[in-house]
Each structure stands twice: as structure tokens, then as C-alpha cells.
Amino acid sequence: MRFPISLYMSMTGYLLKMKLQGNDRFPLVLMLEPTHRCNLTCAGCGRIREYHDTIQMEMTLDECLRSVDDAGTPVVTVTGGEPLLYSHVVELVQELLARGKHIYFCTNGMLLEESLPRYRPDSHFTWNVHFDGTEPVHDAIIGRQGGFQKAIRGVRAAKAAGFRVSTNTTVYRETEVSDLEELFGQLAAAGVDGILVAPGFSYEDVTGEVFLTRREIMEKFRRISRWQNRFPLISNPIYLDFLSGRRTFSCTPWGNPTRNSQGWKSPCYLITDTHYATYGELMDRTDWDYYVSGRDPRCAQCMVHCGYEPTVVRQMTGPDLLRMLKWNLHA
Ligand code: SF4
């Protein structure tokens with residue numbers, strides 16, 4: 001199974017509830033950034049630049065939990081910054097599990113191995129460790145020699161301790177598809193439960209030409225999408241069709257709302273026009289139709305999963321659903 005059956009059941013129940021309520025604009029995954037502090041300065045990171053002046057600020061535990069309750073999503077991605085640096089991280093995870101949430105805990109892996117004794121394996125909890133290439137490539141991107149080895153030791157230790165572990169890879173302009181093929185082989189050999197792969201986004205605040213145009217994304221993903229039965233990819237197959245240019249979708253910017261120490265980020269995880277104080281304001285005051293139309297020039301090259309995977313879920317047809325079920329069982 002690429003995703004735990006309990007996640008499928010939670011998500012299906014949630015989608016049915018939204019349908020019965022007649023709600024067609026609702027989020028699926030909350031992106032919770034309790035801190036932007038980080039122990040790395042990766043080349044493609046927008047957060048350390050955009051939030052440079054507020055990077056030492058943290059959300060309180062109470063703010064985190066209220067945000068989770070307000071968004072009401074079955075899945076919470078805890079991200080950052082490096083969320084293992086958040087002052088109340090253990091309590092946060094415990095409270096989310098007590099609420100029945102599925103947690104994808106994103107980490108760069110630098111503190112993973114030593115943090116493991118503070119957590120318990122749970123079918124609702126997945127470590128999601130960041131790898132952007134094989135050892136030399138990854139270490140160059142994160143600017144830390146030995147970083148790859150440290151993260152892979154964390155992955156092996158987490159698997160040995162009984163945790164679910166997935167990985168997250170961002171594809172940049174310089175990424176060689178053959179390097180990803182080698183990396184995914186290494187990750188599969190380390191026993192990871194899932195490999196998420198998605199293109200990066202051209203943050204205004206990231207300098208240099210590290211990101212891909214849509215044409216370049218499609219070229220790389222035509223090859224990557226062929227690996228679905230070879231590696232435990234968890235980027236869903238319909239989204240991979242989109243990345244390969246085989247299907248077209250408009251984005252669903254409210255699908256993965258982002259909450260951090262500055263408030264609710266509008267309109268999406270990637271671009272920031274403003275932060276709202278409450279979830280209600282984010283939903284009511286953002287001009288969603290404008291962003292869905294794709295007219296904003298910043299959206300022109302975007303194909304990122306937090307904008308488009310929610311569209312796949314919203315627009316799934318019967319045959320798509322069957323394909324997704326078969327795909328989930330094959331891993
Ligand atoms: S296409 Fe959607 S997800 Fe991408 S930048 Fe624009 S609003 Fe955000």
C-alpha cells in the first residue's frame with residue numbers, strides 16, 4: 001500500500017461529508033509551519049528568504065491546534081523551516097494524533113535519528129524526509145557535506161523502529177533524471193514506504209535560474225512517470241499525467257492552505273499577497289476565481305502538487321478512482 005488504508009477511509013469520509021454539506025470549496029491538507037527556523041540554507045528554499053525578518057518567531061501550540069481545528073482537514077503536513085526545531089513539537093504531534101489527524105512530518109533529516117525516541121510509530125504518522133538527489137547532488141543543494149548520509153541514517157533508523165517513512169524530492173532545472181533514478185533505487189533499498197516527487201516553483205524570492213518552465217517539467221516527468229511500478233512513487237498517477245503533459249487542469253489554491261507565524265498565507269503555499277488573521281478571512285477574502293483562472297503571471301510556470309493534486313481529487317471520475325485504487329495497492 002502506498003498510503004495507509006486508514007488515510008483513504010478518513011479522506012473518503014471527509015469528501016462525502018463536504019458533498020452532503022454542499023461545500024465545493026474546501027481544503028484537503030493543512031500545511032502547518034509552526035516555525036521557519038532551519039538548520040540548513042538550501043538553494044531552492046523560499047521560506048528562509050521570504051520570512052528572513054520573522055524567522056525566529058514561532059506559533060504557539062494553541063495557535064497550531066486552533067488552525068488545525070479551523071481548517072478541519074483529515075491530513076496535516078507539519079513543515080517549516082525544520083519542524084523538529086519547533087519548541088512544542090512533541091506535544092503538537094501528540095495532540096494531532098489525539099484528534100485523529102494523519103500527519104506528514106516534513107524534515108531535512110538532520111535531527112531525525114536522535115529525535116526518534118521522543119515519538120511512537122503510528123499508522124497516522126509518517127516521517128517525510130527531504131532528498132533532492134544522490135549524495136553529491138543532495139549535499140551540494142543543501143550546502144552541507146555529510147547531509148545525505150545523516151538523513152539516510154535517520155531513514156534507516158526510523159524504519160528499524162517501526163515508523164512509516166516517505167521521502168520528498170524537488171526537481172530543479174539542473175536535476176538529471178538519471179540521478180533521480182539512482183536516488184530512488186537507493187531510497188527503495190532503504191525500505192521507504194513512499195517517494196514523493198514534484199517540480200519546484202519559481203519563488204520570486206529565490207535568486208538564480210534553478211526552477212523549471214512548464215515545458216522543461218513535462219520533458220523530465222515524461223520519463224519519471226514511467227517509474228510508477230518500479231519505485232513506490234506517491235505522487236498520484238493522474239497528477240503525473242498532468243506533469244507529463246497528458247492531461248490539463250486548473251489549480252485549486254485553497255486545497256492546501258498554509259498557516260504560519262504570520263497568519264494564513266494567501267493565496268497559496270507558494271505565493272504571498274498577504275496573510276490573514278483567521279481561516280474564515282482567508283477563505284472569504286481571497287479572490288479564488290482570479291487564481292484559478294491562471295491569469296496571475298506568477299502562476300504561468302507552476303505545476304506544483306499543493307496546487308494541482310487537490311484538483312485531481314476534486315475532479316476524479318469513476319475510471320480515475322479505479323486507477324487510483326489499483327495504483328495504491330501496487331507497492
Ligand atoms: S498556480 Fe495555484 S498553486 Fe501555483 S502559484 Fe498560482 S495560485 Fe499558487
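This is a predicted model: local features need pLDDT of at least 70, side-chain atom pairs count only at pLDDT 80 or more; totals for chains, interfaces and linings use all residues.
Which residue in S3 is the bridge partner of valine 76? The partner of valine 76 in S3 is isoleucine 103, and this pairing belongs to an open sheet of nine strands.

- The nine strands follow the order S6-S5-S4-S3-S2-S1-S7-S8-S9, and their pairing is mixed.
- The edges of the sheet are taken by strand S6, residues 194-199, and strand S9, residues 272-276; each has a single partner strand, so one side of each is left without a neighbour in the sheet.
- On average, and with direction ignored, neighbouring strands of this sheet are turned by 25° against each other.

**Strands S1, S2 and S3**

- Strand S1, which covers residues 29-32, pairs with S2 in the parallel sense over four bridges, and within this pairing leucine 32 stands opposite valine 78 of S2.
- S2 also runs parallel to S3, to which it is joined by four bridges; the bridge between valine 76 and isoleucine 103, with which this briefing began, links these two strands.
- In a regular strand the side chains alternate between the two faces of the sheet.
- In S2, Val75 and Thr77 point one way while Val76 and Val78 point the other way, and all of these residues are buried.

**Strand S4 and its neighbours**

- Strand S3, residues 102-107, runs parallel to S4 and is joined to it by five bridges; here isoleucine 103 has phenylalanine 125 in S4 as its bridge partner.
- On S4, Phe125, Trp127 and Val129 point one way, whereas Thr126, Asn128 and His130 point the other way, and all of them are buried.
- Because six of the six residues of S4 are buried, this strand is largely enclosed by the rest of the structure.
- The pairing of S4 with S5 is also in the parallel sense and extends over five bridges, with histidine 130 standing opposite asparagine 168 in S5.
- Strand S5, residues 164-171, pairs in turn with S6 in the parallel sense over six bridges, and valine 171 is found opposite proline 199 in S6.

- Helix H7, residues 147-160, lies across S5 and strand S4 (125-130), and the helix runs at about 160° to S4.
- Two packed helices are described by the angle between their axes and the distance between the axes.
- The axes of H7 and helix H6, residues 135-142, come within 8 Å and cross at roughly 105°; the two helices are therefore roughly perpendicular to each other.
- On the H6 side of their contact stand Glu135, His138, Asp139 and Ile142, which meet Gly147, Phe148 and Gln149 in H7.
- The residues of this contact between H6 and H7 divide into two nonpolar, three polar and two charged.

- Most residues other than glycine have a negative phi, and most peptide bonds are trans.

**Two alanines**

- Alanine 157 has its place in helix H7, and with 16 C-beta neighbours inside 10 Å this residue counts as partly exposed.
- Leaving aside residues up to four places away in sequence, alanine 157 touches Glu113 and Leu116.
- Although alanine 157 and leucine 112 are 45 residues apart along the chain, their C-alpha atoms are separated by 8.6 Å.
- Alanine 300 is placed in the loop between helix H12 (288-292) and helix H13 (305-315), and with 11 C-beta neighbours inside 10 Å this residue counts as exposed.

**Around the ligand**

- The ligand is surrounded by 13 residues, of which the closest are Cys251, Cys268, Cys299, Cys302 and Gly307.
- The residues of this shell around the ligand divide into ten nonpolar, one polar and two charged.

Notes
Residues are numbered from 1 along each chain as its sequence is written. Two strands pair if DSSP finds at least two bridges between them. Axes are lines fitted to C-alpha atoms, for helices over the stretch in contact, and angles run from 0 to 180 degrees between N-to-C directions. Two residues are in contact if their C-beta atoms, placed from the backbone, lie within 7 Å. A residue is near a molecule or strand if its C-beta atom, placed from the backbone, lies within 6 Å of it. Ala, Val, Leu, Ile, Met, Phe, Trp, Tyr, Cys and Pro count as nonpolar, Asp, Glu, Lys and Arg as charged, and the others, Gly among them, as polar. Angles under 35 degrees count as roughly parallel, over 145 as roughly antiparallel, 65 to 115 as roughly perpendicular and the rest as oblique. A residue is buried if 20 or more other C-beta atoms lie within 10 Å of its own, exposed if 12 or fewer, and partly exposed in between; C-beta atoms are placed from the backbone.
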